[in-house]
Amino acid sequence: MEEAASARDLARRCAGEYASADAPEFLADVTVIAHELPAAPRRAINRARLDDGEHAILVTGNIVRDDLLGRTPTHWRDHGGEEARLGGFALMLWAALLGDAIGWVAQQDGRVLTDVLPVAGMEEGDVSSSSHKELGWHTEDAFSPFRADYVGLYCLRNPDDTPTTLSFADVAALPGHVRATLAERRFLIRPDDAHDPRLMAGSRGDEAVALLTGPAGAVTLRADRDFTVAVPGDDQAREALEALFAQLDANLYDVPLAQGDVCFVDNRNVVHGRRSFRPRYDGRDRWLRRVNVAVDLRRTRPGRSGGDDRRIG
Ligand SMILES: O=C(O)CCC(=O)C(=O)O
Ligand SMILES: [Fe+2]
């Protein structure tokens, strides 16, 4: 399609001009360059951005040249070759229509552009490099006040159509006292295992937080199935948590990303995860490139060492 070719040309131009898709110079300029993306998808993304209730924004049909992509790396430390690099630029361009990219000092060596691929030895973990074990639903970096507003996933390949999962709370269907309890600071969210505890300076999840915030009709959800508990001894909070988790379990649905799909998960409205799968470690495994996006970069400033450092420490 013409629009996909035009987006790829723009990504290629950026790849020629900038050292990498998460170089500070590119992250500073990409907001302006992204205006050169085709108008129709830009308009659609903008409409979705203004919808308080949307779950995710899907940009399908991006061009990935499988014949040029090379092997899926065996570890996220290996970024892959030029075709994957182009995908990184394309992801950053689409992401710039929603906000500014951020990363984590304690995650994937502090890279802002990260990779989601199965790593041998991590099959049963609670991190994105797991495989045999289903990745339980979560708000990305739920423990942190500086978590992203969107998580962008660019699917480079997904040979078995392994689904990403999404789920949502039906707040109106919760009993009033449960809703009220969930809106109070009566819950603890620990950092997930993707964060290296030796590198974490900021929030460690020891302050009680609310799981539902904001006005009726535009409620922000914050939860992680494997890392959230009620404050010990608070039985009412524990029961409210169980009611919310039952809803999120029941509402979970599949979104299998295809090669060339870019999905921006709204990290305020939905939780996400991934079904289990069997990696082959044959160079053809599932591979997504990922970026966290903040709608208001300034909001995350207390978590960053300086105005031009995109990494939360
Ligand atoms: O692999 C996926 O589809 C999603 C993984 C995930 O939760 C993430 O990358 O944040
Ligand atoms: Fe995630």
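## Buried charges and helix faces in a predicted model

At 5% relative accessibility, glutamate 83 falls under the 20% cut-off and therefore counts as buried. Keep in mind as you look around that this is a predicted model. Glutamate 83 belongs to helix α5, and α5 also turns up below as a packing partner of helix α1 and as part of what covers helix α3.

**Around glutamate 83**

- The side chain of glutamate 83 reaches the backbone nitrogen of arginine 65 at 2.7 Å.
- Leaving aside residues up to four places away in sequence, glutamate 83 touches Arg8, Ile63, Val64, Arg65, Leu68 and Leu69.
- One of these, Arg8, is also listed among the buried residues of α1.
- Along the chain, glutamate 83 and leucine 156 are 73 residues apart, yet their C-alpha atoms are separated by 9.2 Å.

**Helix α1**

- How far apart are the end C-alpha atoms of α1? They are 23 Å apart, which agrees with the 22 Å that the 16 residues of this helix (residues 2-17) should span at 1.5 Å a residue.
- The buried residues here are Ala4, Ala7, Arg8, Leu10, Ala11, Cys14 and Ala15.
- Viewed down the axis of α1, those buried residues fall within an arc of 160°, so they line one face of the helix.
- An α-helix has 3.6 residues a turn, so residues three or four places apart point the same way.
- Glu2, Gly16 and Glu17, on the other side of α1, are exposed.
- The partners that the buried residues of α1 pack against are α2 (24-33) and α5 (82-95).

**Helix α3**

- Pro41, Ile45 and Ala48 are the buried residues to look for in helix α3 (residues 39-49).
- Around the axis they cover an arc of only 60°, which puts them on the same side of α3.
- Two arginines, Arg43 and Arg47, are exposed on the other side of α3.
- The cover over the buried residues of α3 includes α1, β1 (56-59) and α5.

- You will find glutamate 123 in the loop between β3 (114-116) and β4 (135-138).
- The side chain of glutamate 123 does make a polar contact, at 2.8 Å, with the side chain of tyrosine 281.
- Apart from residues up to four places away in sequence, glutamate 123 touches Ser130, Ser131, His132, Lys133 and Tyr281.
- Tyrosine 281 sits in the loop between β13 (271-274) and β14.
- With a relative accessible area of 31%, tyrosine 281 is partly exposed.

**Arginine 289**

- Arginine 289 is part of strand β14 (residues 287-294).
- At 3% relative accessibility, arginine 289 counts as buried.
- Its side chain and that of aspartate 115 are joined by a polar contact of 2.9 Å.

**Backbone angles worth a look**

- Most residues other than glycine have a negative phi.
- Tyrosine 281 is not a glycine, but has a positive phi of about 55°.
- Glutamine 108 is not a glycine either, and has a positive phi of about 40°.
- The loop between β2 (100-104) and β3 holds glutamine 108.
- Is glutamine 108 buried or exposed? At 7% relative accessibility, glutamine 108 counts as buried.

Notes. Residues are numbered from 1 along each chain as its sequence is written. Chains are lettered from A and ligands numbered from 1 in the order in which they are written. This is a predicted model: local features need pLDDT of at least 70, side-chain atom pairs count only at pLDDT 80 or more; totals for chains, interfaces and linings use all residues. Side-chain values use heavy atoms; hydrogens and water are left out. Helices (H or I, at least four residues) and strands (E, at least two) are DSSP runs, numbered from the N terminus. The expected span of a helix is 1.5 Å times one less than its number of residues. Buried means under 20% relative accessible area, exposed over 50%, partly exposed in between (1.4 Å probe, protein chains only). The arc is that of the directions from the helix axis to the C-beta atoms. Contact means heavy atoms within 4.5 Å. A polar contact is a pair of N or O atoms within 3.5 Å; within protein, one must be able to donate a hydrogen and the other to accept it, and residues adjacent in sequence count only if both atoms are side-chain atoms.
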